[in-house]
Structure formats: C-alpha cells, structure tokens
Amino acid sequence: WDSLQKPQPPTHGEKNNVTHYKQYPPNTSKMYSYFECREKRTDSTKSRKVKYDQTVFYGLQYILHKYLKGKVVTPEKIQEAKEVYREHFQDDVFNEKGWNYILEKYDGHLPIEIKAVPEGSVIPRGNVLFTVENTDPECYWLTNWVETILVQIWYPITVATNSREQKKILAKYLLETSGSLEGLEYKLHDFGYRGVSSQETAGIGASAHLVNFKGTDTVAGIGVIKKYYGTKDPVPGFSVPAAEHSTITAWGKDHEKDAFEHIVKQFPNVPVSIVSDSYDIYNACEKIWGEDLRALIETRSADAPLVIRPDSGNPLDTVLKVLEILGKKFPVQENSKGYKVLPPYIRVIQGDGVDINTLQEIVEGMKQHRWSIENIAFGSGGALLQKLTRDLLNCSFKCSYVVTNGLGVNVFKDPVADPNKRSKKGRLSLHRKANGDFVTLEEGKGDLEECGEDLLHTVFYNGEIVKTYTFDDVRDNAKLKEGELEELLH
C-alpha cells in the first residue's frame, strides 16, 4: 500500500488470511507449512503433449530480498492496514495486536524460518520445495499470512521449467542433426517484453528464462539478476541488432530492398536479424536476399550472419519453404550427420507462434526434411512469459504440522472428490537416494541416517536472508545432465 516499489507486510493477505488468526485452535503455538508442485496422481494429462515431470526451483531469493527481509513492519503500515481492512471487511478484524508485537519485539522483522532447496535445483513433481514456520509461539498466525507473496514463486518456477523443457527438445534435435550442442544456449530467444502484464513480470520472467538460455530482448531480466543474484559475467543475457516491421515499411513497399541493404550495412560486424515478411517472405528470400543482395550477404562472416526472420503464416510450413528457397539460392553443405546446412553467413529465426508444441513440430519437420537445427533459432514471446498459470505445475502451499496445547500434530487435507489435492503430513525433509531419486519424507522422519542429508537449507531466519545463490549457481544447478541427454536420444 505505501509504495508500489516495496509493498510489504502487514498488507499481504489473500483468501482472508487477515482473519485467520481468529480461526486457528486456541493455544496454537506453531504453524508449519510447505510448498510443492503437486504431481498428478490421476491421468488427466493425456491431452497434454508435455508432462512437466520435473520443475526448476527459482525465484524465492528475489521475493525474500524485495519483500520480506529487514524491517517490514512499521507503525504507519499497521495503521494504514487497520483502516483499509476495517473498510474492506466492514468490521475490526485486523490483527493489530499481533503486528504491534512483531514491531516491538523484533523491530518489525518477521519471526519466521524458511528452508528451501538450492535455487536452480531440478526436482521431480510431488516433492517439498520449501517450508515455512514461525519462530515465536506468539506468531503462529504469521506462517500462512505470507503464503500469498511466497506462492507467487509459481511464476518464475513455471517459466524456468517450461523454458528448460524446450531446451531439452532443442538439445535432442541439435544432437541428432548436427552431432554437437554448440549454440544451444542461443537457440530460444525471449521476445516476451511487450507481451507480459507488467514491468515486474517482465523482469522476473525474463530472468527465469535466462536460467536456461542466454538470448533475450527482455532487458528487465538482466536488472533483476544483477540486483538480486549477481553473476561473474558483466551481463547474463545477450541480443543482436534486429529490424522490426516499422524499420522496413517506413521505406515504402517499393523500397524493401533498399531497407534491407541499408540495415545490413549498418551492422557489418555482428549478427543482424531482419524481419522479411512485411510483404512477401518468399519473394524476399528468393529475389532480394537470394539475388539482388546475394553478393553483399556473402561478404558476411560466421560471427556476423544475416538472420532472416519470417513472422507470419503456419510456422512449420513457412520455415520449411524459406529453407528450401534459401537452399536453392545459396550453397548448401551436408554435415557429418548427413543434414543440410546453409552457409555460415546466413541463418533463420522463427519468432511467430512459437510455443513448446510448435517448437517440437518445427524441429521434427526440419529433421524429416533433412535440415540441421544449426540453421535456425527461435523467438518466443507470450507463450514463454505470459501464457502460463499456477495450475500448469499445480503449485500449492499447505499446512502440514501444528503445535496446540504443547502437542505436535501432523495435519493434512484429503478431499474425497480429488485425490490430486491430498497434502503431505507433518514436518518434511527432502533427500536424494543412492540411485539418484528424490524422496520427500513426511511426519518428521528425516532424521533417519540412511536417508542422508536434508536438501532443504535455511535461507531466511527472523527477517534476515542467511543463504544466497549467485545466478551462476542457479544455472549450474539447472543445466542439462549427461544422463538426461542420453535419455533424450533414446
């Protein structure tokens, strides 16, 4: 409420979290809750091509830094929240006494502990990812008060997960058609800046995509990474000069060739992407690029290719036809795997209609027509950063343990109408078995020695962030593993 830049407790509340302190059992002293991406226990994903069996854990550090660390409770905020909620509920339901207690005893720092898996971890669905509990028995109500802001981690987790699944597809087809993973991290470029709902969405979403790739036009993500994570490199994401339709159509329809020539000459030493479908993509490829400007294009290097961008039509059909035309106009070679490769000074980027399903269709179609994935990169916008919901990975925050009248009780939900929504019981820990599988232990059983260490580490304690990860750590944790690549190829 007090500023859009740093909205913080005590005004985070949803689903009437504001009134929950009046609803818990009397003499409650501990509330313990956890977050997971639930697995589907019943097969309702038959129609979905991508199963998303694993998730990439990313974004908690951002939320902790921006919203929860330090002195987040002040007298002014308490007063403002009290007034807002009195009007909102038409009653005095706000827990003024509880917030004043936090203000006086902890100088406005939140008395909770959050344990989480390392950022960038790739964890199978259905496992605990982080837990939250109060550290002061007077503040049992605080654990689930912070649910709303913490569950918004669903967004960076989902973007990073979806992006990584696309990386797996690209890795598979790149290996099959070229024998190498060279250039993989530049194969999927973020075009999503204008397609998201806010600047903050752009920053969070773009940073989540950069966990897996290095190409982005959503520069807001770079700022998020530098401020909240840090990298050893000056920047974590890169782009190239690129035309848009206005920089072509401003020349007039009869001067498309002049527009192309001018832009190509402006950027002789770096890759340059030129949208070529303002009028007729096929004519542009055959006549303008393939004949009129062919000599100019042939002077460019492998480090500074012309990248032709079709931007309309059926994605697969358009890509195949563009490749076919270019393959007749420029000398094509066959690589070691027997697939066709355009000369290194010319490439294609498909940036229209690209989501995880069309991506799969295009690379499969290219393979069938004996074109190497070396020839192409992809740009994805709304499908990468915006066309996602919390339900895609079933992100959920649930209470699993309480202490009432001094007695600890394992609690859970198990709706008769939906077994998918059954929740976990008791204090939780996450372990990796000798065979590499992950397992979540329930009911406080994580102390058993044979399970090995708990992978949940304390990252936040009483208002302070006590463990952080660099973006390099995140990328390292999320990288494709040898075993995954072998599995993809078989």
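Predicted model: local features only at pLDDT ≥ 70, side-chain atom pairs only at ≥ 80, totals over all residues.
Helices (H or I, at least four residues) and strands (E, at least two) are DSSP runs, numbered from the N terminus.

**Entry 1: positive phi**

Asparagine 405 has a phi of about 50° and is not a glycine. I located asparagine 405 in the loop that runs between strand S13 (395–404) and strand S14 (407–410). Its relative accessibility of 55% makes asparagine 405 exposed, because the limit for that word is over 50%.

I then turned to glutamine 90, which is not a glycine either and has a positive phi of about 55°. Glutamine 90 belongs to the loop between helix H2 (75–89) and helix H3 (96–106). I record glutamine 90 as exposed, with 64% relative accessible area.

**Entry 2: cysteines**

How many disulfides does a search of the whole structure find? I note that the search gives zero. A disulfide is a covalent bond between the sulfur atoms of two cysteines. I checked cysteine 395, which is in no disulfide; its nearest cysteine sulfur belongs to cysteine 37 and is 3.7 Å away. A pair counts as a disulfide only with the sulfur atoms within 2.5 Å. I also list cysteine 395 as buried, at 1% relative accessibility. For cysteine 399, the closest cysteine sulfur is in cysteine 139 at 16 Å, which is too far for a bond.

**Entry 3: cavities**

I searched the whole structure for cavities of 30 Å³ or more and have five to report. The largest cavity holds about 60 Å³ of space. Its lining consists of Phe57, Leu60, Gln61, Leu64, Ala116, Val117, Glu119, Val459, Lys467 and Tyr469. Which helix gives the largest share of this lining? I find that helix H1 (residues 60–68) does, with three residues. By class, I count seven nonpolar, one polar and two charged residues in the lining of the largest cavity.

**Entry 4: the largest pocket**

I record a volume of about 1400 Å³ for the largest pocket. Its lining has 47 residues, and those closest to the centre are Tyr186, His189, Val307, Ile349 and Ala377. Among the elements that give two or more residues to this lining are helix H6 (154–178), strand S8 (306–309), strand S11 (346–350) and strand S12 (376–380). S12 gives the largest share, four residues. I class the lining of the largest pocket as 20 nonpolar, 16 polar and eleven charged residues.

**Entry 5: the second largest pocket**

The second largest pocket has about 1000 Å³ of space. I list 35 lining residues for the second largest pocket, and Gln54, Arg164, Glu165, Lys168 and Glu484 lie nearest its centre. Strand S4 (122–124), H6, helix H14 (356–368) and helix H17 (482–489) supply at least two lining residues each. H6 gives the most, with six residues. By class, the lining of the second largest pocket has 13 nonpolar, nine polar and 13 charged residues.

**Entry 6: helix H13**

I closed with helix H13 (residues 315–329), which has 15 residues. From first C-alpha to last, H13 reaches 21 Å, close to the 21 Å expected at 1.5 Å a residue. Which residues of H13 are buried? I list Pro315, Thr318, Val319, Leu320, Val322, Leu323, Ile325, Leu326 and Lys329. The cover over these buried residues includes helix H11 (281–292), helix H12 (294–298), S8, S11, H14 and S12.

Conventions
Residues numbered from 1 in each chain as written. Heavy atoms only, no water. Buried < 20%, exposed > 50% of the residue type's maximum accessible area, 1.4 Å probe, protein only. 1 Å grid on protein atoms, 1.4 Å probe; cavity = no way out; pocket = protein on both sides within 12 Å on 5 of 7 lines; lining within 4 Å. Points joined across faces, edges and corners; volume = space filled by probe spheres on them. Nonpolar A, V, L, I, M, F, W, Y, C, P; charged D, E, K, R; others polar. Expected span 1.5 Å × (residues − 1). Contact = heavy atoms within 4.5 Å.
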